[in-house]
Structures are given as C-alpha cells and as structure tokens.
Amino acid sequence: MDPLLLNVIKKNDSKQLASEFLSGYKTLVSEVGGILSQVSLKRILKGFEKGQPKDVADEIQRALQSAENAPQNVAVIGQSGSGKSSFINVLRGIGHEGAGSASVGVVPTTRKKTPYPHPKYPNVTFWDLPGTGTPESFPNPYQEVVGDDNYDYFIIISSSRFSSNDAFLAQKIQEKGKKFYFVRTKVDSDLYNESKSKPRSFNKETVLQQIRDNCLINLSKIVSEPTVFLVSNFKSKEFDFPKLQETLLQDLPAEKRYTALLLLPNLSESFIQLKRATIKEKLWLTAFRAAVLAFIPLTPFCCGFELSEHERDLKQYQSHFGLDEESVSQIAQNLGTSEQEIYSLMKSTDFNSLVKDDSIIANVKKCAEFVFSVTGLLPSSVFQFYKVYFLHLKFIDIVAEDAERVLAKIEEMKSGRMK
C-alpha cells in the first residue's frame, strides 16, 4: 500500500492527517501544476481537520468530476489564409482531410464562426473564427466576438510579418481583459524561402530570431510581457509547439488542466511522461478516495473488483495516450503502413496477460474484502487502495511506454522519407 496513505490512516492527529495528505499530493503534481484547485485542497484539508472522512471523499470526487467534465472554449482568430483551420486540426489530432476536420484551402474557407468539438473530449470546443483581410470582412469583425465570455482564451494566428490586423486583434482582446497567445505559423516556409534566396548567408536560428523579434517588438506596444510561439502546422514537433502546449497547461485553471493535457498530441517523450504524471495524480486521488470511504464500515460494498471494469479503464488509458483503435488507424494511414505494424509495438493490447497474476488471486481478495468491509478501518482501506491503484498504475506505465515506442517509430519513418 502507498506508505503515505498507511501513515494517514494510522495516525489520530487530524492536523497531521491534513499535513501528510498535502505533502503527499504535492509530490505527485507535475511541472505544469496539479488538477486540484486551491479551493478543493482547502476543503479536503478542512475535512481531515474535522475528522470527517466522508467530506474528504466527497470533495475529492467533486474535484475529479470537475477535472473530467469542465467545459473549455478556445477561440482561434487571425487573418484569412494564416493557417487557423490547419492549426485547429493539429490540436484536435485530426488530419487535414480527415472526417470532421476544419476546412483547409488556398481560398478563404471560414466565413462564419464555426465550432469544432474535440473528437474524444466533446466538452472541449475550438472555435474557428472568420478570417479578416478579405473583401467580405467587415471593418471591425471582432468588436463583439472578442467580448464573448464563453471563450477561455484566444489564439491569434499570424503567418507573415506583424500586421495592423494582428495589432487590432491583440488590442481588442487586451481591452476586454481576455487572455491570448500569439502564434506565428508557416515558419518552415519562411526558412525554406530564405535558404533559397540567400544560400550563402542563410542561418536558421538567425531567421527564426528575426521573425520572433518582429512580433515581440510590435506586441510589446500592446502588452507588457509578450510571448510569441513559432510553429509549423505540418511539422508540429519542431519549433515552439511543445513550448506552446506547456504554456497553455500552466495558464489554465487547475480544474481545466487535466482534460486539456489529454487532448494535446504526443510531440515528445517528455510530454508523454507529463501525461503519465497527471493521469497518475488523478489515479492516486481516486484510490485515496476509495480508501477513505473504506475506513467507514460497510461503505466499500459500492466498489467492486470486476475485471471487465479494468479492461474498460485500460482502453481509456490507451485513448488518453492516442493509442485507441481510431488513433492507431490514423497513425498507420499517415505513415502508409499497416495497423498491425503499429500494434506490434504495443504491449498493452493483451489485457489477459496484464492481469493474469491478479486474476489468480481475485477470488481471495473478494472474500477478504467482504470480511474487512464489514468492520471498515485499516484492513479494508488497504484492499480498496490496492484494487484501485496498483493494477491501474501498471496499465498507465505500460501504455505510456507503448506511446513512446509508437512515437519513435513515427519519427523513424518520417526521417527515412526525408533521406
């Protein structure tokens, strides 16, 4: 059993319980922050201090439900042709020609505000706003849209030198007190053009810095500490896309951070590990809640040990890491290979093998659980924590390793094509 939980249950000092919970939780929080808000933490600690385990369990459950179901609305805005729709497709993990993708083309394709829910997380919606700078554009097309309270933040997309249109959008969003991120797309095209036009003097880092400086100088006239992200919608792992991912997560409220992390694409091993840490944090809280409830006699009867439930959860972890059936099919299609080749890299597809040892002793656990749940207290808590935590932690680790192998394969095949 988790040593922290064992210490918490054994001790009688309510303040010490609260202190050890807080200390243990902080060790699980990832570099972008935890999924419990400060308000939830205070309520949990207050429940400990009052000696009310039910209050603690209820608040953990409320916080977890909020983390899973909190709605998010992201407005993507910018001049027509800047790559807004392509950017949305990248964030949603959908190919530009895939079903349900935002329309992409060489002529203006977005003529009205269009919502694009994430295919796996429908509570998260990306809004593709009409592009400015076309004959159909109104003089001030975002005068009212910028003030829409439903948007959690704006992403301004620009694909050329900083323009008056960029300044106008940034200014209006700033006036409304809204958060925005300035994203400069198509930097790969800029680098290519510079390398062809100036082959002898071309320097990649110098060109990127010039692009960044141009944006920063102009944005500094509008906001005090501007940040610019240079990205490519077709080479998302390169340039500042990973940095943008991390910044978005850090700036979001705690209750919206969990789902936002899950929906972002796996661009690096470090990001996969960040997902692993956050999913583990949620798992630990879920297990802790089960153990707290188990301390109360008879309560654990509402929790079972059905392998079918664990198999369902394993599939959910695969989805979180972009390894569900639909995602694997898309990966194979993008790489021009078979789905079987992708599945051959994954160890999490054989559920029976993963739970073989646990199945052997499942009946013993059920009998022991029945006895201990009548009396509650420490023995019951130990079993409840084991059921919820350790098997699932094994799942998370294996699926994360699968995701790393698939990512390595993707990079290997893309690199081979470029040679």
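In what order do the 6 strands of the open sheet stand? The model is a predicted one, and in it the strands follow the order β2-β3-β1-β4-β5-β6, with mixed pairing.

**The sheet and its edges**

- The edge positions are taken by β2 (114-117) and β6 (228-230); each has a single partner strand, so one side of each is left without a neighbour in the sheet.
- From one strand to the next, the twist averages 25°.
- Strands of a sheet pair through backbone hydrogen bonds, in either a parallel or an antiparallel manner.
- In the case of β2 and strand β3 (residues 124-128), the pairing is antiparallel and extends over 4 bridges.
- Within this pairing, Pro-115 stands opposite Trp-127 of β3.

**Helices packed on the sheet**

- Helix α6 (residues 164-175) packs on the sheet and touches β1 (72-78), β4 (153-158) and β5 (180-184).
- The direction of α6 makes an angle of about 170° with that of β4.
- Helix α8 (residues 204-219) also packs on the sheet, where β5 and β6 are the strands it touches.
- Between the directions of α8 and β6 the angle is about 150°.

**Aromatic pairs**

- A pair of aromatic rings is described by the distance of the centres and the angle of the planes.
- The count of aromatic pairs comes to 13.
- One of them joins Phe-21 and Tyr-25, a stacked pair with 6.4 Å centre to centre and 5° between the planes.
- Phe-21 and Tyr-25 are separated by about one helical turn, because they are 4 residues apart in helix α2 (residues 14-28).
- Both Phe-21 and Tyr-25 are buried.
- Trp-284 and Phe-288 have ring centres 5.0 Å apart and planes at 35°, so this pair is tilted.
- In helix α11 (residues 269-294), Trp-284 and Phe-288 are 4 residues apart and therefore separated by about one helical turn.
- Trp-284 is buried, as is Phe-288.

Notes:
Residues numbered from 1 in each chain as written. Predicted model: local features only at pLDDT ≥ 70, side-chain atom pairs only at ≥ 80, totals over all residues. Heavy atoms only, no water. Pairing = 2+ DSSP bridges. Helix = DSSP H or I, 4+ residues; strand = E, 2+ residues; numbered from the N terminus. Axes fitted to C-alpha atoms, helices over the stretch in contact; angles between N-to-C directions. Contact = heavy atoms within 4.5 Å. Phe/Tyr/Trp six-rings, centres within 6.5 Å; stacked < 30°, edge-to-face > 60°. Buried < 20%, exposed > 50% of the residue type's maximum accessible area, 1.4 Å probe, protein only.
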